[in-house]
Amino acid sequence: MNKNLRIEGARVFMCCGKAGCPSVEYNTEGLVEIKDDHGNKVKMEESQARLIAQAVEELSNQENSQKSKTLR
């Protein structure tokens with residue numbers, strides 16, 4: 001699945017070619033606001049938002065580690 005970033009005004013959409021792309025923007029409080037494609041949203045400080053990619057990488061590493069343990 002090809003994922004692309006699309007910028008509309010002050011909002012960045014994370015698209016995969018389907019409707020309802022998640023988006024990221026700064027809200028009126030100066031917080032990063034992430035809206036998912038189910039209508040939910042979460043607000044956080046920019047410093048927390050910047051850790052998301054690292055957190056996903058850790059989850060991926062743990063998952064891959066669990067898979068390799070299962071194969072042994």
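1. The predicted model contains six salt bridges.

2. Arginine 11 and glutamate 25 form a salt bridge whose closest N and O atoms are 3.0 Å apart. Because arginine 11 belongs to strand E2 and glutamate 25 to strand E3 (residues 23-26), this pair ties together parts that are 14 residues apart in sequence. Arginine 11 is partly exposed, at 26% relative accessibility, whereas glutamate 25 counts as buried, at 16%.

3. Glutamate 25 also forms a salt bridge with lysine 35, with the closest N and O atoms 3.7 Å apart. Here the link runs between strand E3 and strand E4 (residues 32-35), where lysine 35 lies, and the two residues are ten apart. Lysine 35 is partly exposed, with a relative accessible area of 26%. Through shared partners, salt bridges join Arg11, Glu25, Glu33 and Lys35 into one network.

4. A further salt bridge pairs arginine 6 with glutamate 8, the closest N and O atoms being 2.8 Å apart. Both residues are classed as partly exposed: arginine 6 has a relative accessible area of 36%, and glutamate 8 has 43% relative accessibility.

5. The strands form an open five-stranded sheet in the order E1-E2-E3-E4-E5, with antiparallel pairing. Strands E1 (4-8) and E5 (41-44) are at the edges, and each has a single partner strand, so one side of each lacks a neighbour in the sheet. From one strand to the next, the twist averages 20 degrees.

6. Strand E1 runs antiparallel to strand E2 (residues 11-15), and five bridges join the two. Leucine 5 has methionine 14 in E2 as its bridge partner.

Conventions:
Residues are numbered from 1 along each chain as its sequence is written. This is a predicted model: local features need pLDDT of at least 70, side-chain atom pairs count only at pLDDT 80 or more; totals for chains, interfaces and linings use all residues. Side-chain values use heavy atoms; hydrogens and water are left out. Two strands pair if DSSP finds at least two bridges between them. Helices (H or I, at least four residues) and strands (E, at least two) are DSSP runs, numbered from the N terminus. Axes are lines fitted to C-alpha atoms, for helices over the stretch in contact, and angles run from 0 to 180 degrees between N-to-C directions. A salt bridge is a side-chain nitrogen of Lys or Arg within 4 Å of a carboxyl oxygen of Asp or Glu. Buried means under 20% relative accessible area, exposed over 50%, partly exposed in between (1.4 Å probe, protein chains only).
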